Amino acid sequence: MKKATISLATIAIVLFVQQIIVQAGVKASAFPEKKDIVSGQEIIVPVTIDKSGTSELLGSFTGILTWDTSVLKYEQHIALDDFGFSTPMVNNQYANKGKLLFAAANPRGASGKVKILNVKFRVIGKPGSKIVMDLHFSAMAAARTFTNLLPVLKVKTPDKNHPLFIKKTALGGK
């Protein structure tokens, strides 16, 4: 009986430690690479998942990026060179309505900060217009363990409370 109690206690400790590791968090973001954004220019928005706070490996995801089509015009998504997530499946059927769906899986997993998608836009809004995006994941799982990473996911984008603004000219410009 004592042996069984120790075994259950050991299992409970292992599960508790694993939960702490996962709770350190997973961060996702979608921000333009350029800080000074002006009308007419092309911008690249990298979509990244940063798992530096967890020992889990990124195994799969399904996401949606949305934006205001009166401010940004989708031009294309660009292939990446991050191992295992270089060619996500992308559905741009609704890009003219400001919605891009994407998904990928990597059975071996990826650690650290992973760039999962680059999205190229043309800035069509007028100076002073707000750039607002939303990044949402309907699924995100760890490789090997299949742990659901959504409960520990924090997403950061230029949102309605913290938008980016289109400037008259780029910094240092005329």
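Modeller: Two strands are said to pair if DSSP finds at least two bridges between them, and the strands themselves, like the helices, are DSSP runs numbered from the N terminus, with at least two residues (E) for a strand and at least four (H or I) for a helix. The model is a predicted one, in which local features need pLDDT of at least 70 and side-chain atom pairs count only at pLDDT 80 or more, while totals for chains, interfaces and linings use all residues. Residues are numbered from 1 along each chain as its sequence is written, and side-chain values rest on heavy atoms, with hydrogens and water left out.

Strand β3, residues 58-67, runs antiparallel to β9, and nine bridges join the two. One of these bridges sets Thr62 against Ala139 in β9. The pair belongs to an open sheet of four strands in the order β5-β6-β3-β9, with antiparallel pairing. At its edges stand β5 (89-91) and β9 (133-142), each with a single partner strand, so that one side of each has no neighbour in the sheet. On average, and ignoring direction, neighbouring strands of this sheet are turned by 15 degrees against each other; the axes are lines fitted to C-alpha atoms, for helices over the stretch in contact, and angles run from 0 to 180 degrees between N-to-C directions.

Leaving out residues up to four places away in sequence, Phe61 touches Ile49, Phe85, Phe102, Ala103, Ala104, Ile116, Phe137, Ala139 and Met140, where contact means heavy atoms within 4.5 Å.

Phe61 is also among the residues with the most contacts inside the largest nonpolar core, together with Leu65, Ile116, Phe121 and Phe137, and this core has 37 residues. A nonpolar core is a set of buried Ala, Val, Leu, Ile, Met, Phe, Trp, Tyr and Cys residues joined through side-chain atoms within 4.5 Å; buried means under 20% relative accessible area, exposed over 50%, and partly exposed in between, with a 1.4 Å probe and protein chains only. Both β3 and β9 supply at least two residues of this core, as do β1 (26-30), β2 (42-50), β4 (72-78), β6 (99-110) and β7 (113-123). The strand that gives the most is β7, with six residues. Since eight of its eleven residues are buried, β7 is largely enclosed by the rest of the structure. Nine bridges join β7 to β2 in the antiparallel sense, and there Ile43 stands opposite Phe121.

Back in β9, Asp134 is partly exposed, because its relative accessible area is 41%. Apart from neighbours within four places in sequence, Asp134 is in contact with Ile64, Leu65, Thr66 and Thr157. Thr157 lies in the loop between β10 (153-156) and β11 (164-165) and is buried, with a relative accessible area of 9%. From Thr157, the side chain reaches the backbone oxygen of Met133 at 2.9 Å. With neighbours within four places again set aside, Thr157 is in contact with Ala30, Phe31, Met133, Asp134 and Leu135.

The loop between β9 and β10 holds Arg144 and Phe146. Arg144 counts as exposed because its relative accessibility is 61%, and Phe146 does so at 68%. Most residues other than glycine have a negative phi; Arg144, however, has a positive phi near 70 degrees, and Phe146 has one of about 60 degrees.

To set this part in its whole, the secondary structure of the protein comes to one helix and eleven strands. Of the 174 residues in the protein, 37% are buried. Among contacts between residues at least 6 apart in sequence, 79% join residues at least 24 apart.

How values were computed
Polar contact = N/O pair within 3.5 Å; in protein donor to acceptor, adjacent residues only side chain to side chain.
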